Each structure stands twice: as C-alpha cells, then as structure tokens.
Amino acid sequence: MDTIKDYVQKNKERFLNELIDLLKIPSVSADSAYSQDVIDTANAVKVSLEKAGCDFVEICDTPGYPIVYGEKIIDPNLPTVLVYGHYDVQPPDPLELWTSPPFEPVIKKTELHPEGAIFARGACDDKGQMYMHVKALEYMVQTNNLPCNVKFMIEGEEEVGSASLSWFVERNQEKLKNDVILISDTGMISNTQPSITTGLRGLSYVEVEVTGPNRDLHSGLYGGAVANPINVLAKMIASLHDENNHITIPGFYDKVEELSDAERAEMAKAPFSLEAYKKALNLNDIYGEKGYTTNERNSIRPTLDVNGIWGGYTGEGAKTVIASKAFAKISMRLVPNQDWNEITDLFAKHFESIAPSGVTVKVKPHHGGQGYVTPIDSIGYQAAAKAYNESFGVQPIPVRSGGSIPIVALFEKELKSKTILMGFGLDSDAIHSPNEHFGVFNYLKGIETIPLFYKYFVELSK
C-alpha cells in the first residue's frame, strides 16, 4: 500500500480529466429533458468500471433510470465490499448565480482549497466521490493490492428518491450479497480533521396546492371579497412553526429519539466555530429550534422547510391579480424512529385541517426515506477509522449528518449488512446549490484512503 500516494501523483492529471469529462454530462434525473444525458452517464460509468478492472459490468434496466452493476471477484471465500454511489445530479438552477457554467467544469483556487477545486454540478454530490472508488479500484488492480472481492452498484435516481433502486435491490439480493457496504456521499469536518458519518436523517418530501377562485381575478374588483390562495398558503406555512421554532403538526415528535446529556456532550466535542459558521453564510445570527445547538439542530432534530413557493404573477413589472392557485414544495428531515410514511400522513391531515373554508387543499407526496444510525464498534467502522488515521494522520471523529440517503436503511433491511459512510466533501462545497465544487485535495485524498479501508477490513475480518 506504500505506493498509493505515488500512484495518485503519477496519474493526478488523468484522474482529474476523467472526472471532468464525467461532469460535463448533465445527468439531471429530476428533469425529463435530460433523460438521454442520464442514460449517457450510465454508459460512461460502465466504461470506467471496465477500464478500472471489473471483470463483469452490466447496465441493468429498471422501471426508471438504469443501474450500473460491476464486480471483481477474486476469491468467493474472501470478504466482499459493495460500493454504492449515484451518477445523477441535482438541477443546476438558478443558473445566473453560477460563476461558471454548471456543466463546464473548471478548477479554481479558493480559501479552503488552495490546491484548487472542481466547480461543476455533481462535482461533490456524487460524481466526484463516486469516481474516487473507481480510481481506488484501478490502483488496487493495477498494483495487485486488491485484498478482497468488490461489487459496484451505481444508480441514476438518488436525487429523486431512488424508487428504482428499491425495486432492484429487492429483486437482486443474491447478486448484491456482501459483507459491508461502502458509500461516499457525505462529508467530513475539515481537510485536517476527518470524520465518519454515523447517522443520517430520514426525509418526507411533499408538494402542496391551494386553490381559491376558479380563475385568476382582478385584485381591485375582487380583493378583500375572496380568499387569496397565496395569502392563505403563506399563513398556513407560517403556522407550521411556533414561537420557539417547534413544529406544530400533532404527533410529529411522538417517536423522536431524544439523546442523553452524555451523548450530546460527546457530539459537542467536534470542532465547531459559530462565528466562522455565520461568516461563511453571511449571517448576523443563527436561527432554529429553542434549546438546541446549531450542530444538534442540523443533525439530531427533525425539521420542516419550504423548498419552493410560487403562484400569481412573477414576471417583470406589475399585474394586479389574485391567483387562482398557489403552490409550495416542503421537505421534512426526520430522525431515527420517525417513519416517513407516517409523517407524510400526519402532515397531509394537519395541512388540510388548517385550511380556511374559502380554499381547497391538495397534498401530493413525492418521496422519502428512513433515518439511519450505524454502530461505531463494527468492523467496518473500525476499518474506516484506521484508514482515515493512516491517510490523514488524525483519528476521525464520529458525527451525525443532517442529510438523507434514504436507501441506507433499505440496504440493512434487504441485504442484512451495515453501511460505512466515508465522505470526503466539506460543508462549504455548496452541494445542491450554485457553484457546487469538490477540492482537488479531497478527491485525491479519497483515492488514497479508500484502498486502506479494504486492507483493514480484510485484516479485521480474519
């Protein structure tokens, strides 16, 4: 394993160029206009796995976008690592806020990335982090350092709920049989302090529609006499939190896991600067549920946020109109023990119940998933900790993430194996936002660290 740094440095430019080529393909799964691009990306991933050393690679059809499956089985008696990633990306909007086109990747230096960062949609989430595993496999195969079997399952619908992945996993349990699942779709504390994500929040995503009159109305002739759906929607949304930013949906907190003071104290040991946090976001102050710290609010507490709201006239100039309809998209991040289907039902019943009689309300569920917590005493976690420690020279800290990877809970249910979340991105990498980027250091460091996980996982499994 001593040659991994030399191998990465020798092939650095090629590794970067290959990732840049992958990032140029706009694989936006949420927009059907990009459907061919999503399929093209699947084909590109297939080719990359073949070149990296997989003995068998196939594109598996699903009810939605295809899944790329690959494997290299060197000895059925050895452990098997299943690598999961996704090749689809978030929509790039709003385009005007990007400093460079989202699908024309460029490397630019930043304060946190003096060696440069790749700016492009999907750079960190998840093409860059997924591709680290492909290049790590290449190194292990080329240098005869692959100590166990490896399987890849790379999907194209993570950003829209992974419905086809659930379908695929349920029907291919023998094909996907493994001893541990390895995912890099999370982040770490900093480039000098690595961390391992041990918990993920669940998700419930809904769209709401409020309808008033049967057509748009003149606001002078009808204003004040009929319910304005936009006004009503704004009031309904505002009522979903109380003065302490506590969510008001009846039953919402019934199954929320309350961490002990000791557990919260352990979480507080992770390095965190509130002033740096506010500065990075250009905030005068923080905001959130009373009684919890910033790091607790975005990891161990459930949330409800409006992700989009629209209705009426939004073009240039003025149009005096009362819109017939108003809409909003709302996401709820959930903690372990909260079932996303149950929370979706609670939301729908409550939202419909608080509508005034002058409007009708529809709640359309989109997608969701369960939360997940992985133990830190497992062989997989210990192998990851050893890998980070050797690569970075610092012991990693276990942390809980505010994000959601809904299929992790599904993997444990269907495949009966634990998932290890080895992320190399930073919170500042602007995933899902304009100017998403991934540090060159982080990308290459991931390629260096991942083979060490294989090494220690096999050693600890004996």
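1. On the basis of the model. The structure is predicted, so local features need pLDDT of at least 70 and side-chain atom pairs count only at pLDDT 80 or more, whereas totals for chains, interfaces and linings use all residues. Residues are numbered from 1 along each chain as its sequence is written, and side-chain values use heavy atoms, with hydrogens and water left out.

2. On the four-stranded sheet. Helices (H or I, at least four residues) and strands (E, at least two) are DSSP runs numbered from the N terminus, and two strands pair if DSSP finds at least two bridges between them. An open sheet is formed by four strands in the order β11-β13-β9-β14, with antiparallel pairing. Its edge strands, β11 (303-311) and β14 (360-369), each pair on one side only. From one strand to the next, the twist averages 15°, where angles run from 0 to 180 degrees between N-to-C directions and axes are lines fitted to C-alpha atoms, for helices over the stretch in contact. Strand β9 (residues 202-211) and strand β13 (residues 325-334) run antiparallel and are joined by 10 bridges; Leu203 stands opposite Arg333 in β13.

3. On the helices that pack on this sheet. Contact here means heavy atoms within 4.5 Å. Helix α7 (residues 229-238) packs on the sheet and touches β9, β11, β13 and β14, its direction making about 15° with that of β13. Helix α11 (residues 340-353) also packs on the sheet, touching β9, β11, β13 and β14, but its direction makes about 165° with that of β14.

4. On strand β7 and its partners. Strand β3 (residues 80-86) pairs with β7 in the parallel sense over four bridges, and the bridge partner of Val83 in β7 is Leu182. β7 also pairs with strand β17 (residues 419-421), again in the parallel sense, over three bridges, with Ile183 opposite Leu421 in β17. Val180 and Leu182 point one way from β7, while Ile181 and Ile183 point the other way, and all are buried; buried means under 20% relative accessible area, exposed over 50%, and partly exposed in between (1.4 Å probe, protein chains only).

5. On the crossing of α2 and α4. Two packed helices are described by the angle between their axes and the distance between the axes. The axes of helix α2 (residues 12-23) and helix α4 (residues 127-142) come within 11 Å and cross at roughly 135°. α2 and α4 are therefore oblique to each other, given that angles under 35 degrees count as roughly parallel, over 145 as roughly antiparallel, 65 to 115 as roughly perpendicular and the rest as oblique. α2 passes α4 in a right-handed crossing, a crossing being left-handed if the near helix is turned anticlockwise from the far one by less than a right angle and right-handed if clockwise. Among the residues that make the contact are Arg14, Phe15 and Glu18 of α2 and Tyr131, Lys135 and Glu138 of α4.

6. On the salt bridges. Side chains of opposite charge can pair when their charged atoms come close. With a salt bridge taken as a side-chain nitrogen of Lys or Arg within 4 Å of a carboxyl oxygen of Asp or Glu, the count comes to 20 salt bridges. Arg14, Glu18, Lys135 and Glu138 are linked in a network of them.

7. Lys175 forms a salt bridge with Glu58, their closest N and O atoms being 2.5 Å apart. Lys175 lies in the loop between α5 (163-171) and β7 (180-183) and Glu58 in strand β1 (residues 56-60), 117 residues apart. Lys175 is partly exposed at 25% relative accessibility, as is Glu58 at 22%.

8. Are Glu448 and Lys445 buried or exposed? Glu448 counts as buried at 9% relative accessibility, and Lys445 is buried with a relative accessible area of 11%. Both lie in helix α14 (residues 440-461), three residues apart, about one turn of the helix, and their side chains meet in a salt bridge (3.5 Å, N to O).

9. On Thr374. This residue lies in the loop between β15 (372-373) and α12 (379-392), and Thr374 counts as buried at 4% relative accessibility. Leaving aside residues up to four places away in sequence, Thr374 touches Thr197, Thr198, Lys418 and Thr419.
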